[in-house]
Amino acid sequence: MTARFRALMGACAVAALSTAAGAETITVATVNNGDMIRMQGLMSEFNAQHPDITVEWVTLEENVLRQKVTTDIATRGGQFDVLTIGTYEVPIWGKQGWLVSLNDLPPEYDADDILPAIRNGLTVDGELYAAPFYGESSMIMYRTDLMEKAGLTMPDAPTWEFVKEAAAKMTDKDAEIYGICLRGKAGWGENMAFLTAMANSYGARWFDENWQPQFDGEAWKAALTDYLDLMTNHGPPGASNNGFNENLALFQQGKCGMWIDATVAASFVTNPAESTVADQVGFALAPDTGKGKRSNWLWAWNLAVPAGSQKVDAAKQFIAWATSKDYAELVASKEGWANVPPGTRASLYENPEYQKVPFAQMTLESINAADPTNPAVDPVPYVGIQFVAIPEFQGIGTAVGQQFSAALAGSMSAEQALAAAQAFTTREMTRAGYIK
């Protein structure tokens with residue numbers, strides 16, 4: 001062996017050791033929805049660009065994800081390096097110092113391109129604490145063939161009265177077609193996300209300006225009664241177990257006349273590879289009651305770095321890739337523009353190719369129409385449309401959701417559920433010091 005060859009081999013060995021020493025494994029906790037599953041299938045592209053970073057995934061159902069990441073971040077457990085969290089958690093956790101600022105993402109990331117409605121919800125005192133993977137509001141997705149068969153035409157901006165009429169006329173239980181599918185699974189981010197937005201449009205609110213719970217008012221009674229009537233008479237069986245994913249599957253199987261839920265679902269219900277009714281889907285704004293508020297929400301699933309992570313730089317590199325303009329181009333090249341994660345960047349809605357997507361404009365209109373700082377007909381002391389942006393809301397919202405889900409299952413009346421919600425929320429808000 002020549003001296004030159006030995007030197008070359010030695011240099012290669014040092015380089016290999018250096019690469020191995022620099023390699024990092026990051027753990028990403030995420031939700032089990034279609035867009036996040038799709039990203040996992042595209043990881044070879046990330047690996048090619050970042051061979052020194054290995055990504056391990058922990059993919060969980062929505063309620064379970066929230067429990068695990070909340071516990072981990074509150075205790076600084078360090079189990080995860082990247083968290084998938086919502087618009088509710090980001091400002092609260094950012095203010096508490098639980099998240100790492102993302103203000104230093106590279107210039108080509110172009111954070112100014114993020115839609116203002118989405119970016120504002122992820123920013124505390126000028127610091128961006130999470131990057132949106134996709135943003136959403138809510139809207140009506142409906143079967144155009146069944147609407148036509150019912151002799152009705154869906155308005156672009158329907159009322160709840162129209163929705164009730166259409167649900168009745170579209171229902172054919174013998175054929176397992178249900179006029180309407182809505183969330184019933186208990187959880188502050190499951191049934192209560194839908195029901196809070198619905199109640200806003202009826203003139204209801206969680207709290208008055210003195211933080212007194214409002215479940216004993218007529219507006220909540222009207223909203224919950226209409227919801228229970230709709231689902232009992234025109235909804236699918238077992239609806240109290242159905243969240244986003246369950247209703248998505250029902251709609252794709254042709255079993256729902258209408259579904260009011262996240263705008264992000266539009267790409268899945270119109271995908272012929274996944275939906276049996278892909279060419280028979282129309283879209284409309286979430287309904288109202290004429291009081292000036294529609295029942296649409298504002299949400300984003302975001303990627304954030306917990307303060308307990310020991311691999312912040314690698315985590316930021318992953319986030320910058322997964323929420324970039326280039327990632328949108330990647331998804332478009334593989335699966336078409338309709339399947340690009342929506343609702344985050346202005347440039348996406350300025351793209352002529354994306355403008356051809358049938359639900360693009362309705363999604364943008366729904367997002368822009370949502371105002372978290374003014375969510376209800378009457379004044380409120382909180383920010384948030386389908387949630388109340390206080391730390392106590394996770395526990396309170398889930399407990400109230402359990403009461404309403406029980407009413408949907410038939411184990412209590414609307415009046416009993418509302419009374420239980422009022423009593424529980426009053427007790428918890430008093431204990432937390434909001435009510436003197």
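This is a predicted model: local features need pLDDT of at least 70, side-chain atom pairs count only at pLDDT 80 or more; totals for chains, interfaces and linings use all residues.

Colleague: Which side chain does R38 meet in a salt bridge?

Modeller: The partner is E335, and the N to O distance between the two side chains is 3.1 Å. Because E335 sits in helix α14 (residues 325–335) while R38 sits in helix α2 (residues 34–40), the pair ties together parts that are 297 residues apart in sequence. E335 is partly exposed, at a relative accessible area of 37%.

Colleague: And which residues are linked with R38 in a network of salt bridges?

Modeller: D35 and E335 are linked with R38 in that network.

Colleague: How many salt bridges does the structure hold?

Modeller: The structure holds 21 salt bridges. Another of them joins the side chains of R143 and D145, at 2.8 Å from N to O; here R143 is buried, with a relative accessible area of 7%, whereas D145 is partly exposed at 25%.

Colleague: What about K164, which side chain does that one meet?

Modeller: K164 meets E161 in a salt bridge, with 2.8 Å between N and O. The two are three residues apart in helix α8 (residues 160–170), so about one helical turn separates them. K164 is partly exposed, with a relative accessible area of 22%, while E161, at 54% relative accessibility, counts as exposed.

Colleague: Changing topic to the helices: at what angle do α10 and α18 pack?

Modeller: Helix α10 (residues 218–234) and helix α18 (residues 393–409) pack at about 40°, and their axes are 10 Å apart. The two helices are therefore oblique to each other, and α10 passes α18 in a right-handed crossing.

Colleague: Which residues meet there?

Modeller: From α10 there are W220, L224, Y227, L228 and M231, and they meet F404, A407 and L408 of α18. By type, the residues of the contact of α10 with α18 are eight nonpolar, with no polar and no charged ones.

Colleague: And how are α18 and α19 oriented to each other?

Modeller: With helix α19 (residues 414–431), α18 packs at an angle of about 170°, the axes being 9 Å apart, and the two are therefore roughly antiparallel. On the α18 side the contact includes I396, V400, F404 and A407, and on the α19 side residues including L418, F424, E428 and M429. The residues of the contact of α18 with α19 divide into 11 nonpolar, three polar and one charged.

Colleague: One last topic, the backbone: what is the phi of D125?

Modeller: D125 is not a glycine, yet its phi is positive, at about 50°. Most residues other than glycine have a negative phi. D125 is placed in the loop between β4 (123–124) and β5 (127–128), and at 76% relative accessibility it counts as exposed.

Colleague: What about W211, where does that lie?

Modeller: W211 lies in the loop between α9 (191–201) and α10. W211 has a positive phi as well, near 65°, and is a residue other than glycine. With a relative accessible area of 16%, W211 is buried, whereas D125 counts as exposed.

Conventions. Residues are numbered from 1 along each chain as its sequence is written. Side-chain values use heavy atoms; hydrogens and water are left out. A salt bridge is a side-chain nitrogen of Lys or Arg within 4 Å of a carboxyl oxygen of Asp or Glu. Helices (H or I, at least four residues) and strands (E, at least two) are DSSP runs, numbered from the N terminus. Buried means under 20% relative accessible area, exposed over 50%, partly exposed in between (1.4 Å probe, protein chains only). Axes are lines fitted to C-alpha atoms, for helices over the stretch in contact, and angles run from 0 to 180 degrees between N-to-C directions. Angles under 35 degrees count as roughly parallel, over 145 as roughly antiparallel, 65 to 115 as roughly perpendicular and the rest as oblique. A crossing is left-handed if the near helix is turned anticlockwise from the far one by less than a right angle, and right-handed if clockwise. Contact means heavy atoms within 4.5 Å. Ala, Val, Leu, Ile, Met, Phe, Trp, Tyr, Cys and Pro count as nonpolar, Asp, Glu, Lys and Arg as charged, and the others, Gly among them, as polar.
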